[in-house]
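Grab a pencil and work through these exercises with the model open. Each task comes with a step-by-step solution.

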Amino acid sequence: RSLDQGIEMLLNKFDNKKASKKELTTEVNKQIEQSLKKGSLSRVPVLGSILEEAQKQTIIVGAWSALPKELALFIMNKLNLNDFVKLHVVEDQSKHFSTPGCWLRLAKILELNPSSCLAFTTCAASCHSALSAGMRCIVIPDEFTFFQDFSGADIVVEGPKKLSLKELLPL
């Protein structure tokens with residue numbers, strides 16, 4: 001579903017009445033969930049091959065999400081990541097969720113020193129918070145974030161570039 005369609009659905013749902021922040025958040029999350037559950041999900045090609053290599057080499061892989069836990073688990077299952085990716089869901093979403101603390105909690109859950117972690121992100125905020133947590137960072141921008149400032153990132157993947165785990169491990 002496009003953003004325009006989603007906004008139109010929100011306006012229709014509330015029939016131009018005032019809606020609280022909580023009501024809007026609930027409705028947006030519901031639309032995202034419905035869209036993800038109906039649509040097809042696939043791994044980002046660059047990341048998919050790295051994840052497959054990591055799984056073969058039994059390298060510890062973790063992920064954090066600000067999505068509701070049930071939805072995050074659904075996505076993990078749909079992408080066949082449950083068996084080897086340890087998921088951490090950020091419960092308190094009242095604040096901006098892409099903080100160094102999120103990355104540090106994930107490293108702690110994985111029982112790893114942050115300096116031995118390699119963070120994959122799609123936006124500048126996550127990139128900078130991972131760097132502030134003392135991690136290395138690979139950015140895979142998407143259509144909404146390609147213009148952001150990724151200064152400090154170890155690698156910014158532009159286009160359908162292929163990366164191998166072998167070239168990333170020395171970072």
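Let's start with E4 and E5: strand E4 covers residues 136–139 and pairs with E5 in the parallel sense over 2 bridges. This is a predicted model, where local features need pLDDT of at least 70, side-chain atom pairs count only at pLDDT 80 or more, and totals for chains, interfaces and linings use all residues. Residues are numbered from 1 along each chain as its sequence is written, and side-chain values use heavy atoms, with hydrogens and water left out.

**Exercise 1.** Work out the order of the strands in the open sheet.

*Solution.* Step one: strands here are DSSP runs (E, at least two residues), and helices are runs of H or I with at least four, numbered from the N terminus. Pairing takes at least two DSSP bridges. Step two: E3 and E4 share 4 bridges, in the parallel sense. Step three: put together, the order is E3-E4-E5, with E3 (118–121) and E5 (155–156) as the edge strands.

**Exercise 2.** Find which residues stand across from valine 139.

*Solution.* In E5, look at valine 156, its bridge partner. Then turn to threonine 121, which stands opposite valine 139.

**Exercise 3.** List what valine 157 touches beyond its neighbours within four places in sequence.

*Solution.* Contact means heavy atoms within 4.5 Å. On that basis, valine 157 meets Val46, Ile138, Val139, Ile140, Pro141 and Leu163.
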